[in-house]
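Here is a briefing on one protein chain. Look over the sequence and the fold, then read on.

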Amino acid sequence: MTCVSQFRWSSAACTDVGRVRERNEDACLAMPEHGIWVVADGMGGHAVGDFASRAIVQALAALPRADSLDAAVDHARIAMQTVNQLLIDEAARLKVRVIGSTVVILLACERQCSCLWAGDSRLYLFRDGHLKQLSRDHSQVERLKARGLITAEEARHHPAHNTITRAVGASTTLDLERLTLEIGDGDLFLLCSDGLSNEVEDDQIAAVLAADPHPARAADALLKQALDNGGRDNVSVVVIRAEDIGGGSDMTLLNPEV
C-alpha cells in the first residue's frame, strides 16, 4: 500500500544560474505523482556546491513509496542523514572546510503535507489571496530578528544575511525542522532558494501567484522577476497547486518540530 493523496497535484520547477554567478549550485525536484518536491542550494564553490545539491535531489528522488506521511518523513530524514555523512566524507577527502547545502522538502499524503528543512531555502503558502512564509530561516539574521535586535528591513541588508546556521553537510548531526499542515483546495505552495527571496519581495511574489496560479507560468514569472531585479545568485523555484477531488479544508498547523 502506498500513500494516496486526496488532491490532484500539478507543479513546475525551474532553476537558473542568475546574472552574476558562473555555476549553478542549486538543484530542484518536482515529483507530484510521488507527493515530493525539493529545493536545495549548495555551497562550497569549486564544483562541490552543485555536488551537494545534486546528491540531495538524487537521494530524495529515489525514496521508496510510503504508506503514511510519517513514514514518508522518516524515509526523507534517513536519506538526508546519509547525504549529510556523504558530504562530510567528501569534504575530508578533498580537504575543504565544508561541502553543504540548504534543503527544503515538501511531502504530501492524503489530506496533509509536511515540510522538512535546514537553512534558508523557503516554503511559502498562497491561500485565499494571502502569502504566508511557513518555514523560518535558519540564519544569523533570523536569530537577531527573533531577539528584536534588528528589523526585517535591516535583516535584508545586514552583512551576515547570507550566514546560515543549519545545512546538510555542515555538522555530524543534521537537525531538520518539520511542520505539518492540512491542505486546502486551490492551495499554492512555493519552494525557493534565497536567490528568489533575496531579490523579490513577498508582495511581489504574492502578486505573481495571484495573477496566474498555473504552476509553470507562475514559476517562470517568478524566475524572470528575480533575474530582472538583479539575479545576483542562483535562482530555484518550485510552484505546486493542490486541487481537492473531494471537499475543502482549512489550514491547521500540526505538531511543529524543531
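Residues 24 or more positions apart account for 74% of the chain's contacts with a separation of 6 or more; contact means heavy atoms within 4.5 Å. This is a predicted model, in which local features need pLDDT of at least 70, side-chain atom pairs count only at pLDDT 80 or more, and totals for chains, interfaces and linings use all residues. Residues are numbered from 1 along each chain as its sequence is written, and side-chain values use heavy atoms, with hydrogens and water left out.

**Overall make-up**

- The chain holds 7 helices and 11 strands. Helices (H or I, at least four residues) and strands (E, at least two) are DSSP runs, numbered from the N terminus.
- Of the 258 residues in the chain, 51% are buried. Buried means under 20% relative accessible area, exposed over 50%, and partly exposed in between (1.4 Å probe, protein chains only).

**The sheet**

- Five strands form an open sheet in the order β1-β10-β9-β6-β7, with antiparallel pairing. Two strands pair if DSSP finds at least two bridges between them.
- β1 (7-16) and β7 (130-133) stand at the edges with a single partner strand each, so one side of each has no neighbour in the sheet.
- Neighbouring strands of this sheet are turned by 20° against each other on average, direction ignored. Axes are lines fitted to C-alpha atoms, for helices over the stretch in contact, and angles run from 0 to 180 degrees between N-to-C directions.
- Strands of a sheet pair through backbone hydrogen bonds, either parallel or antiparallel.

**Strand β6**

- β6 covers residues 122-127 and pairs with β7 in the antiparallel sense over 4 bridges. R127 stands opposite H130 in β7.
- These two strands, β6 and β7, form a hairpin with 2 residues between them. D128 in the turn has a positive phi of about 55°.
- β6 also runs antiparallel to β9, joined by 5 bridges. Here Y124 stands opposite L190 in β9.
- In β6, 6 of the 6 residues are buried, so the strand is largely enclosed by the rest of the structure.
- Both faces of β6 are covered. R122, Y124 and F126 are buried on one side, and L123, L125 and R127 on the other.

**Helices α6 and α7**

- How do α6 (residues 202-211) and α7 (residues 215-228) pack, and at what angle? Their angle is about 150°, and their axes are 9 Å apart.
- α6 and α7 are therefore roughly antiparallel to each other. Angles under 35 degrees count as roughly parallel, over 145 as roughly antiparallel, 65 to 115 as roughly perpendicular and the rest as oblique.
- The crossing of α6 and α7 is right-handed. A crossing is right-handed if the near helix is turned clockwise from the far one by less than a right angle, and left-handed if anticlockwise.
- α6 contributes Q204, I205, V208 and L209 to the contact, while α7 contributes A218, A221, L222 and Q225.

**V208 in the helix contact**

- V208 lies in helix α6. At 14% relative accessibility, V208 counts as buried.
- V208 touches A218, A221 and L222, leaving aside residues up to four places away in sequence.
- V208 and L222 are 14 residues apart along the chain, and their C-alpha atoms are separated by 6.8 Å.
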